[in-house]
Each structure stands twice: as structure tokens, then as C-alpha cells.
Amino acid sequence: MPASATKSPRIAVLADSDTRWKWGALTAQRVIPEGADVRLDGYLLRGRATPTARQLREVGVHADSLREVTAVEFLRAMREESYDILVLALVGGAVQAMLHGLRRLGDDSGKRPVVVTGYVGVVYEKLADGLLLRHGADLVLANSRQDADRFRAVYEGVGADASSVTEVALPFLGGEPYTGEHDPYTVVFAAQPSVPDSRKDRTYLLNRLIEHARTHPEREVLLKLRSRPGEHTTHIEELPYQKLAQGMDLPANFRLVYGHMGEVLDRTDLLVTVSSTAALEALHRRIPTAVLTDLGVREVLGNHHFVGSGCLASWDQLDAGHRPAPDEEWVARQGVAADGSYGTAFDAARERIAGLLGRSGGLPPLNPYYTTETAPGYLPGILARHHLGPDGSPLPGAPAADKAPGPVRQIVRRAARGAYRHGVQRVAPVIRRMGEL
């Protein structure tokens, strides 16, 4: 049940990857009253992208407790623990499963936390699918005015309640504004795990980045990587750039770097990417930002989102010294808040949560759009992936939730995860190449 409003609020965050943990934990910190003494408990949903200890350290967001769980184990914890707010930082299907599982718990107890969900960054694909899977949460956060308008249009278009849509901003924006060139002038390419996805295109981008370093030996050129080989982020990375770079003749002013994006941006003079959310972080700080057009402006790349931004450019233009200038009106609609309004971006979410927590008689039952009546051929499969039945209750044979995994079980899990990653990174690409012969 929710904790008393007179006590320090308790917040739980359930995340399924390093980037979603970062988004969820920082969102949790943004939606509470400033200065409030809060307890934050983190839960990591077990799966292919469960973050490693190194990834969690790199994110740099700390919780009072943090543990790995299955969906059924998490729902058991929600029945036993008392939270005011729950942030679901998950892929859409997992959000839907948790909403139905929580609804079932609410039916049993009549009490529940305020449920918040949303997106890690730019929403450029599967808009309707992802939104409807998130419907039913008390707050569906939109990272910009543009997204808020689109989200409401989708919900209203299917006859679903759109009142949960709440405009905020990306919770991880921050850092000092860009004040001028560094010595040396530093160009950073923000890599993405799955964009582009072909070896040819990724090799092309790597070669162009290396060539830029050779063309400008006075510059420092950094390839900012998201994960080390064997680790996964929100998206699967079959062809890590560090593997493609092995054996290449790299110039002295070219380096591969890891670490917190904010710290890398502290020394960046030009941020280059295909469509990474890092572009919005850079624009927030008024760092010159280029979104590449070399591979086309296409929905599959996500760079179509930046049409009208003023940031689209090619490597040829960047090699020649071009520095894109962002369109201020476009930037204002993206939740970037480069105008200094970031401090109030989460006010509406705070007010809505405070109103729900203070609601007389408690919170109403969660009411997702997808039910066994509206989506009888879709919903049961989504719930079954998380060992839940159509009514949100655990299926027979679901992973035990009443005890911690023993040593043998832990070893089996690690081995299974390693085998999965090997299949994704080594076997699957080979099979695809064979299919192209």
C-alpha cells in the first residue's frame, strides 16, 4: 500500500536495461518535491539486457537498494512492500504485463502506488504499439510538447483516456552550457547499438570518423561507445564498433571512450551522431550538433526525427568545417529547454502525482486499454512472456519468488545469458550472411 503522505515518500523503479534504469531513476528524482527526503528502491528486470555492475557504475545513479528480479518476483515485492510511486522503465510489453499484474494485486488489496511510465528518448518508431502498451499507467510521460500532442492523438484516436499524458522533459539533461572551443578542439561521435544495423554502414561511419581525424590532426576525435563486447543496452548490438576497429590503422588523435555522456560532453566542441538521444543532451547545452545524412534521412535510422532541426549534415560538410546551427523553434518543441526553462519542466508531473497521492478514498484500479475483451489475440501472449495469465496472476511453473536463487541457479542464469549474447553477436549475423548468399 502507499506510504503515508506525512512520511518520507518511497519510490520503486523497475528497469530492464542500463539506459532505462538511468531514465527511471532520474525521473523518480525529478517528480518528487524538491528537497524531499526520499527512499529509492531499484529493481532490475532479469533478461538479456540486465545491466552489469560496470554499466550501473557508468550510469552514476544510486539507489538505497538494488536487486535483480523476475516479473513474478517483482509483483511479490509490490505486494509485500509499501510504495508511494512506482516508475516502470521498461519496454512496452513489460509495462503492459506489470500493469495487469499490479491491477490484480490492487483487486486483492484495494491499495497501490501511483504508476509512472514513459520513454527513454526520441520516439520515432512503433508509436501506436508502444503507447497502447503503456496505457493504463497513471502518468505516461512525454519528453516534449511534440510528443505530448502525438501521444494524446493516439489515445483519443482509439477511444482511450488520454488524461495520463503528461508533458515533461528528458530527465538526464544538464551540465554547463557550451562557452567556446576547447584545446584541442574535440569531435565526438555518439555510437548507437542498432543504428545503423549493417556491417557495411557501420564500417562506413567508422571509416569516415577515422578519416576526419586524419584530415584534422589538430583535433581530438572520440568514438563514444555505449557498452563493452558482451554487454547489452536497451537495443541489441551485433556489430560493436570496437570490434570493427580491431586491426585498423588508427591515427594518434583518434580514441575509443566509454564513460558518462555528460562528462564526455563537458569537453565536446562538435557532437556527431546518426540519431542518438545524445544529440538532445548536446543541444540542451548549446553544443554544436550534427545529425548525419550520409546514409539518407530515413525512418529506419531515426534521423527523420531531426527534420527541421537545422542539424542535418554530411561528413563531407563537417570535414570542410561546417557547424550546424539549430532551429530555435524546433528545439523548443523537443523538450530540450535550452532557453533555461528546464527547472519547471517537471512541475506538472509533480502536481499530478501530489493530487493522486492525496486523493480521497485512494486510487482507482489501473485500467489499461488492452484487455482480454479489446485484444484477446494479443494481450495473453504479452502477459505469458512474463509468466502471467490473462488475469495478471502468475502462471503455474512461474519462477519461484519466495527465495533467492541458489549458487547453481545463479551459474545457470549467467551461462544462459552468455549463450544468448553469443548467439546474438556471433551466430545470428553468420546465419543472416548465409541467407544472403
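What is the volume of the largest cavity? The largest cavity has a volume of about 60 Å³. The close-up views below come from a predicted model.

**View 1. The largest cavity and its lining.**
A search of the whole structure finds two cavities of 30 Å³ or more. This view shows the largest cavity, at about 60 Å³. Gly 121, Val 122 and Val 123 contribute to its lining. So do Asn 143, Ser 144 and Asp 147. Leu 170, Leu 280, His 305 and Gln 334 complete the set. By class, the lining has four nonpolar, five polar and one charged residues.

**View 2. The second largest cavity.**
The second largest cavity has a volume of about 30 Å³. Its lining includes Arg 20, Trp 23, Leu 88, Ala 89 and Leu 90. Gly 118, Tyr 119, Val 120 and Arg 134 line the second largest cavity too. Two elements give two or more residues to this lining: α1 (18-30) and β4 (85-89). The lining residues divide into six nonpolar, one polar and two charged.

**View 3. Leu 88 and the largest nonpolar core.**
The largest nonpolar core holds 46 residues. Leu 14, Tyr 43, Met 78, Leu 88, Met 98 and Tyr 155 touch the most other members. Helix α4 (residues 92-109) supplies the largest share of this core, seven residues. Leu 88 is the centre of this view. Setting aside neighbours within four places in sequence, Leu 88 is in contact with Leu 14, Trp 23, Val 95, Met 98 and Leu 99, among others. Val 115, Val 116, Thr 117 and Gly 118 are also contacts of Leu 88. A second, separate core of 45 residues includes Phe 172, Leu 283, Trp 330 and Ala 337.

**View 4. Helix α3, a mostly buried helix.**
Helix α3 spans residues 71-80. Seven of its 10 residues are buried, so the helix is largely enclosed by the rest of the structure. The buried residues are Ala 71, Val 72, Glu 73, Phe 74, Leu 75, Ala 77 and Met 78. Met 78 is also one of the residues that touch the most other members of the largest nonpolar core.

Strand β1 covers residues 10-15, and six of its six residues are buried. Arg 10, Ala 12 and Leu 14 point one way from β1. Ile 11, Val 13 and Ala 15 point the other way. β1 pairs with strand β2 (residues 39-45) in the parallel sense, over six bridges. Ala 15 stands opposite Leu 44 in β2.

**View 5. The six-stranded open sheet.**
Six strands form an open sheet in the order β10-β9-β8-β11-β12-β13. The pairing is parallel. The edge strands are β10 (254-257) and β13 (312-313), each pairing on one side only.

**View 6. Strand β9 next to strand β8.**
Strand β9 (residues 220-224) is mostly covered, with five of its five residues buried. Glu 220, Leu 222 and Lys 224 point one way from β9, and Val 221 and Leu 223 the other way. Strand β8 (residues 186-190) pairs with β9 in the parallel sense over five bridges. Val 187 has Val 221 as its bridge partner in β9. Phe 189 has Leu 223 as its bridge partner in β9.

**View 7. Ala 213 in helix α7.**
Ala 213 sits in helix α7 (residues 199-215). Its relative accessibility is 0%, so Ala 213 counts as buried. Beyond residues up to four places away in sequence, Ala 213 touches Val 221, Pro 251, Asn 253 and Phe 254. Ala 213 and Ala 252 are 39 residues apart in sequence and 8.6 Å apart in space, C-alpha to C-alpha.

**View 8. The second largest pocket.**
The second largest pocket has a volume of about 370 Å³. It is lined by 17 residues. Leu 45, Arg 46, Gly 47, Arg 48 and His 386 lie nearest its centre. The lining divides into six nonpolar, six polar and five charged residues.

Key: Residues are numbered from 1 along each chain as its sequence is written. This is a predicted model: local features need pLDDT of at least 70, side-chain atom pairs count only at pLDDT 80 or more; totals for chains, interfaces and linings use all residues. Side-chain values use heavy atoms; hydrogens and water are left out. A nonpolar core is a set of buried Ala, Val, Leu, Ile, Met, Phe, Trp, Tyr and Cys residues joined through side-chain atoms within 4.5 Å. Buried means under 20% relative accessible area, exposed over 50%, partly exposed in between (1.4 Å probe, protein chains only). Helices (H or I, at least four residues) and strands (E, at least two) are DSSP runs, numbered from the N terminus. Contact means heavy atoms within 4.5 Å. On a 1 Å grid over the protein atoms alone, a cavity is a set of points where a 1.4 Å probe fits but cannot get out, and a pocket is an open set with protein on both sides within 12 Å along at least five of seven lines; lining residues have an atom within 4 Å of a point. Grid points are joined across faces, edges and corners, and a volume is the space filled by probe spheres set on the points. Ala, Val, Leu, Ile, Met, Phe, Trp, Tyr, Cys and Pro count as nonpolar, Asp, Glu, Lys and Arg as charged, and the others, Gly among them, as polar. Two strands pair if DSSP finds at least two bridges between them.
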